[in-house]
Amino acid sequence: MRKIRRWGAWLLLIIPLVLNAQQRTEKLLNVPLPEHWQEEDAMFQQQLPVDDHWWTVFQDATLDSLIHVAVRQNPSVLTALNRIDMAKANLRIARGGYYPALSLDARWNRQQTSGNTGTGQPQSRVGYYDATVNMSWQVDVFGSIRQRVKAQKENFAASREEYNATMVSLCAEVASAYFNLRETQQELSVLQRNALSQKAVVDITEVRYNTGLASKLDVAQAKSVYYSTLASVPATESGIIQYMNALAVLLGLYPQDVTAALETGKPLPDYIEPVGVGLPGQLLLRRPDVRVAERQVNAQAALLGASKTDWLPSFFLNGSFGYASHDMKDFTKRSSMTWSIAPSMSWTIFNGGRRANNVRLQRAQLDETINQFNTTVLTAVQEVDNAMSSYKNSIKQIVACREMLNQGKEAFKLSLDLYKQGLSPFQNVLDAQRSLLSYENSLVQAQGYSLLCLIQMYQALGGGW
């Protein structure tokens, strides 16, 4: 009796430690977020962007169609859906622990004993029928099963958030590859347009050379600039093919399936608008990776609680019910009924320190997931701040590039007019040609970069999924 009281007192000391396993998590999840973004500007509004289909702000029907196809066919999306199914199956397996296990045993047995064994018993032949339903049920007194179910439930929720993260990343990748393609196509258009202009200058120098108004040097220099521009065309065309192939992979298609829809170039969207970014605290509600990290912390905390319940006894209720008889005609009679009920308790006293080390392992893994959560939150704030700064400065770059291009066009026009009148050396025309090509390329690249910064911002804000 004293031993029972001693074990009961020890049990009362352990139970509170097990039931309070979640308090450690609540104390560590305390990463403070800034009240405002580092970038405070009229370009950004303290409200969330429009939910869902953020890419529609570019008003590009081709981009809309590409993202629609990618969402349905991309292998990464299909993989994320498979992971959701697996997590759901694991959750249902864990929930099965709430219910008793039932089994049916049915057999027919006939045997004969020897009469020549020296026991004095005559030879006999016996046969009987037996059918029994067995039940085994673990009573979840201390919440071991409940904690493991909670862990699988959090893993299932995390798998759904991972799917959302995959969708946000996929849409951003498709939009980025698409605008990289359009930017490269615009660069090709700039090269072709400047090549035509440079060919016209070559013709002018040849006419002036034939009339004795210019030297052979002017013709050679004009041709060198012209052929230098033509030499840049193959590499640009190769870049176009590479971006088409990248888009095909994102869409889950072969390159030849997307070439017809993308081979015709389109201008880049001229998008310079204020962007809603919301408040830093709202990131926790929007970014899928933050929500995944939070779910993983909750799941690991539940596993820690479950590991602590291993120190406590387990209670089982076992039973069986059935019929047994020698003759089939007596099988269902009341006198043939058999049953048993056997409540039991199992309490591991010593197992070589495995329980203690398992608790240490689960606690270390919980600390790791908490650190990952904190890092994810800090990274989220950093990515939004970086994207805001990049987008803001990209707009300034576009404005400067446009003015630079206007002045470059004026400089080329004036230098060519003065050269025709014999009032300026041909070197000024060459410099103006090279500068004009560089200025046009810089403007196209600045526009493409601005769009990529905007895409990165939407991705950093968690998209609209």
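This is a predicted model: local features need pLDDT of at least 70, side-chain atom pairs count only at pLDDT 80 or more; totals for chains, interfaces and linings use all residues.
Residues are numbered from 1 along each chain as its sequence is written, and side-chain values use heavy atoms, with hydrogens and water left out.

Me: How many helices and strands does the chain have?
Reply: Helices (H or I, at least four residues) and strands (E, at least two) are DSSP runs, numbered from the N terminus. On that basis, the chain has 12 helices and 6 strands.

Me: Is Arg-107 buried, partly exposed or exposed?
Reply: Buried means under 20% relative accessible area, exposed over 50%, and partly exposed in between (1.4 Å probe, protein chains only). Because its relative accessibility is 45%, Arg-107 counts as partly exposed.

Me: Which residues does Arg-107 touch, not counting those up to four places away in sequence?
Reply: A contact means heavy atoms within 4.5 Å. With that sequence exclusion, the residues touched by Arg-107 are Tyr-128, Tyr-129 and Asp-130.

Me: Is Glu-161 buried or exposed?
Reply: Since its relative accessibility is 12%, Glu-161 counts as buried.

Me: With which side chain does the side chain of Glu-161 make a polar contact?
Reply: A polar contact is a pair of N or O atoms within 3.5 Å; within protein, one must be able to donate a hydrogen and the other to accept it, and residues adjacent in sequence count only if both atoms are side-chain atoms. At 2.7 Å, the partner of Glu-161 is the side chain of Arg-291.
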